[in-house]
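Morning, everyone. Have a look at it first.

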Amino acid sequence: MSDDLYRDIILDHYRNPRNRGTLDPADYSYEDVNPLCGDEIRIDVRVKDDKIDESAFSGRGCAISQASASILMEMTDGKSLDDVKAITKEDLLEELMVPISPARLKCALLSLKVLKAGIYGVGHEDED
Amino acid sequence: MTATTQPSTIDGLAIRKDFPIFQQAPTEGRLPLVFLDSAASSQRPAVVIDAVSDFYARTNANIHRGVYQLSEQATLRYEEARHIAAQFINAANPRECIFVRNTTEAINLVASSWGRTNLNPGDRILLSVMEHHSNIVPWQMIAEERGATIDYIPLTGDQRLDLEAFDALLKNEPKLVAVTHVSNATGTINPIAEIVRKAHAAGALVLVDAAQSVPHMPVDVQALDVDFMAFSGHKMLGPMGSGILYGKREILEAMPPYMGGGSMIRKVTLEKTTFADLPARFEAGTPAVADQIGLGAAMQYLSGMGMENVRQHEIELLDYALEQLPGVPGLTAFGPEDVNERAGVISFTLGDIHAHDVSSILDSENIAVRAGHHCAQPLMHDLGVTATTRASFYVYNTKDDVDRLIAGLHKANKIFGLS
Ligand SMILES: Cc1ncc(COP(=O)(O)O)c(C=O)c1O
């Protein structure tokens, strides 16, 4: 099972993350942790014409959480805020293209939780 | 390095026959299970499972209530388990063994009951940096309520208690020292007898978190002279929901109840209640009768092997593992190197691979280890890591298990391109 989990796409994004870093100033910034394993993710976003103009993530954690953040950056680049709000967990999991066991779901979905919490404003972070 | 005792007579492979979980065929396509997470919760032998089901099948009734035969039998077996527990830790009197659900409940009981009556503004409590959260959080809660202050014994570079700092902190005259016997995250065995002697000389009581010691080595509460000791049944082959708070009789007798309700009273009127004697005073409501009986069976099973033997078996595995592990590129192991100062626990990091990734890859080889902060975040902070991978041993483990672990770690390195 886990052999599949660590397929090239995950390792590639983990080793060569897209949009890694921080943006200052940013229109939206949010960070959160996965208390179970201490994964940390922060996402900064700049918006132009209601579209994501620039985004960056930082933090540390397991390959799954970090690769998923990198993949999410690719997915949302240039998208409208409404489109980003409409991204579901299933959408992100599909992009990861690897089977995620229940124990690792929180790792895989942390980045989406952070991005949405940032865009919606703090307080709407938990939807599970 | 090995302790100079006889070789262990325990054959892990033979012992597995007593454990139904190891008789189960692995899920299709998976290798046989290597279970290296007993520090989180052990497996249970058939004698324990049977003791629980036998209680329900043959002597089930509420205890201390009915005057009919079944209830009397149930009560008898429950109290028998208490006697077994008292013998197991050499308590002077079975009344000093309070049945609780787990270590966490035992510590909360002391923090609430003893803490509320004995801690006053300005008083101090002394803990250590290596404590499990369950020996930190209850004290923080009661300290805040009572206006008391907590000090922490720092650690040495190899994750042992800094005893010089301990001596200095005792000058603050803490009312209580609460420390773990064995660290669940590094395996460090603390010198409890020495700690107790010094703490008593400074006028402090001592609570020992024995969650990781009582299951793995002989522990004698009278020889150690501890005032309180807490441990869980589920980490020592017993049922989940079983556990013991040991306390010296005169100390427990001076403490008010922790919870109010049935079974813990002598007389209730609408105005006032007088409380029952030990141990009933601290066992309000219907307890986990079957589970505590199961814990008694687990203790008898362990005593049959001999706790000296259990400890020696784990020293042999530890010796072997500590010899082999440095051969894995990128591996850093924490904790004391001397196996005499360490229980069967090995916590490590593997290069820059996150502990959860390591354990997912080990899981693909059907090797169960623990990854994370091990409910000891202050200790992780001290180590400068957010998480480690932890392998822990028990009676049913073998050197083959260690070999499988090491092969799994090589595989993790390969997947992450480290070797
Ligand atoms: C040292 C130590 N203390 C306390 C506990 C808490 O035990 P329980 O969860 O059974 O209350 C554990 C269990 O992980 C432990 O290892």
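I will take the ligand, then the sheet of chain B, then chain A, and end with some backbone details.

Some ground rules. This is a predicted model, where local features need pLDDT of at least 70, side-chain atom pairs count only at pLDDT 80 or more, and totals for chains, interfaces and linings use all residues. Residues are numbered from 1 along each chain as its sequence is written, chains are lettered from A and ligands numbered from 1 in the order in which they are written, and side-chain values use heavy atoms, with hydrogens and water left out.

Start with the ligand. Which residues are the closest to the ligand? They are B:Thr104, B:Asp209, B:Gln212, B:Ser232 and B:Lys235, out of 13 that surround it. To be counted, a residue needs a heavy atom within 4 Å of the molecule. By class, this shell holds one nonpolar, 10 polar and two charged residues. Here Ala, Val, Leu, Ile, Met, Phe, Trp, Tyr, Cys and Pro count as nonpolar, Asp, Glu, Lys and Arg as charged, and the others, Gly among them, as polar.

Now the polar contacts. A polar contact is a pair of N or O atoms within 3.5 Å; within protein, one must be able to donate a hydrogen and the other to accept it, and residues adjacent in sequence count only if both atoms are side-chain atoms. B:Asp209 places a polar side-chain atom 2.5 Å from a nitrogen atom of the ligand. On its own, the ligand has 400 Å² of accessible area, and the protein covers 88% of that. Those areas come from the Shrake-Rupley method with a 1.4 Å probe; for residues, only the protein chains shown count as cover.

On to the sheet of chain B. Helices (H or I, at least four residues) and strands (E, at least two) are DSSP runs, numbered from the N terminus. Two strands pair if DSSP finds at least two bridges between them. What is the strand order in chain B? Seven strands form an open sheet, β2-β8-β7-β6-β5-β3-β4, with mixed pairing. In chain B, β2 (97–100) and β4 (149–153) each have a single partner strand, so one side of each lacks a neighbour in the sheet. On average, neighbouring strands here are turned by 20 degrees against each other, direction ignored. Axes are lines fitted to C-alpha atoms, for helices over the stretch in contact, and angles run from 0 to 180 degrees between N-to-C directions.

Look at one pair. In chain B, β3 (residues 124–128) and β5 (residues 176–180) run parallel, joined by two bridges. B:Ile125 has B:Leu176 of β5(B) as its bridge partner. Helix α6 (residues 137–146) of chain B touches β3, β4, β5 and β6 (205–209) of chain B, at about 150 degrees to β4(B). Contact means heavy atoms within 4.5 Å. Helix α11 (residues 289–305) of chain B lies across β2, β7 (228–232) and β8 (243–247) of chain B, at about 80 degrees to β8(B).

Next, chain A. Its open sheet has three strands, ordered β1-β2-β3, with antiparallel pairing. Strands β1 (residues 28–34) and β2 (residues 39–48) of chain A share seven bridges. A:Ser29 stands opposite A:Asp44 of β2(A). Four residues separate these strands in the hairpin, where A:Gly38 has a positive phi near 75 degrees. β2(A) and β3(A) pair over nine bridges. There, A:Arg42 has A:Ser58 of β3(A) as its bridge partner. Helix α3 (residues 63–76) of chain A lies across β2 and β3 of chain A, at about 175 degrees to β3(A).

Last, the backbone. A cis peptide bond joins A:Asp24 and A:Pro25, with omega about 5 degrees. Another joins B:Leu278 and B:Pro279, with omega about -5 degrees. A:Met97 is not a glycine, yet has a positive phi of about 60 degrees. A:Met97 is in the loop between α5 (89–96) and α6 of chain A.
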